[in-house]
Amino acid sequence: MNASVAIQVLPTLPDKELVPVVDKVIEFIQSYNLKTVVGPFETTIEGDYDLLMEIVKKCQYIAVHAGAPGLMTYVKINFNPSPEGILTISQKIDKYTK
């Protein structure tokens, strides 16, 4: 594992209509069975950089297919191609979530 990505997808819809679209995007992300943490503002995923970038790309299409006429997407990327890789999600947050 050499990357983690935090993604926030914001469909250009009223709040009541926004949640089902975001739910479809999260469902899509979770279908990859990668380590995923859903937060109130973004979803964080860890895995191989190329796969994560493909997931980020496809999230746009999932949101549009689910009813978003357009969207803003915010992405944070942590990438380290060295053998050490990155700090995992668990290493970063477990001490706060137990």
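Which strands does helix H1 (residues 15-30) lie across? In this predicted model, helix H1 lies across S1, S2 and S3, and it runs at about 155 degrees to S1.

## Sheet

The sheet is open and consists of four strands in the order S2-S3-S1-S4, with antiparallel pairing. Strand S2 (35-38) and strand S4 (71-79) form the edges, each pairing on one side only. From one strand to the next, the twist averages 15 degrees.

Strand S1 (residues 3-11) and strand S3 (residues 43-47) run antiparallel and are joined by five bridges. Serine 4 stands opposite glutamate 46 of S3.

## Helix H3 on the sheet

Helix H3 (residues 89-97) also packs on the sheet, where it touches S1, S2, S3 and S4. The direction of H3 makes about 45 degrees with that of S2.

Glutamate 46 belongs to strand S3. The residue is buried and has no salt bridge. Its nearest side chain of opposite charge is that of lysine 35, 6.1 Å away; a salt bridge would require a side-chain nitrogen within 4 Å of a carboxyl oxygen.

A polar atom of the glutamate 46 side chain does lie 2.7 Å from the backbone nitrogen of isoleucine 89. Leaving aside neighbours within four places in sequence, the contacts of glutamate 46 are Met1, Ala3, Ser4, Leu34, Lys35, Leu52, Thr88 and Ile89. Ser4, one of these contacts, is the residue that stands opposite glutamate 46.

Conventions: Residues are numbered from 1 along each chain as its sequence is written. This is a predicted model: local features need pLDDT of at least 70, side-chain atom pairs count only at pLDDT 80 or more; totals for chains, interfaces and linings use all residues. Side-chain values use heavy atoms; hydrogens and water are left out. Two strands pair if DSSP finds at least two bridges between them. Helices (H or I, at least four residues) and strands (E, at least two) are DSSP runs, numbered from the N terminus. Axes are lines fitted to C-alpha atoms, for helices over the stretch in contact, and angles run from 0 to 180 degrees between N-to-C directions. Contact means heavy atoms within 4.5 Å. Buried means under 20% relative accessible area, exposed over 50%, partly exposed in between (1.4 Å probe, protein chains only). Lys and Arg count as positive and Asp and Glu as negative; His and the chain ends are not counted. A polar contact is a pair of N or O atoms within 3.5 Å; within protein, one must be able to donate a hydrogen and the other to accept it, and residues adjacent in sequence count only if both atoms are side-chain atoms.
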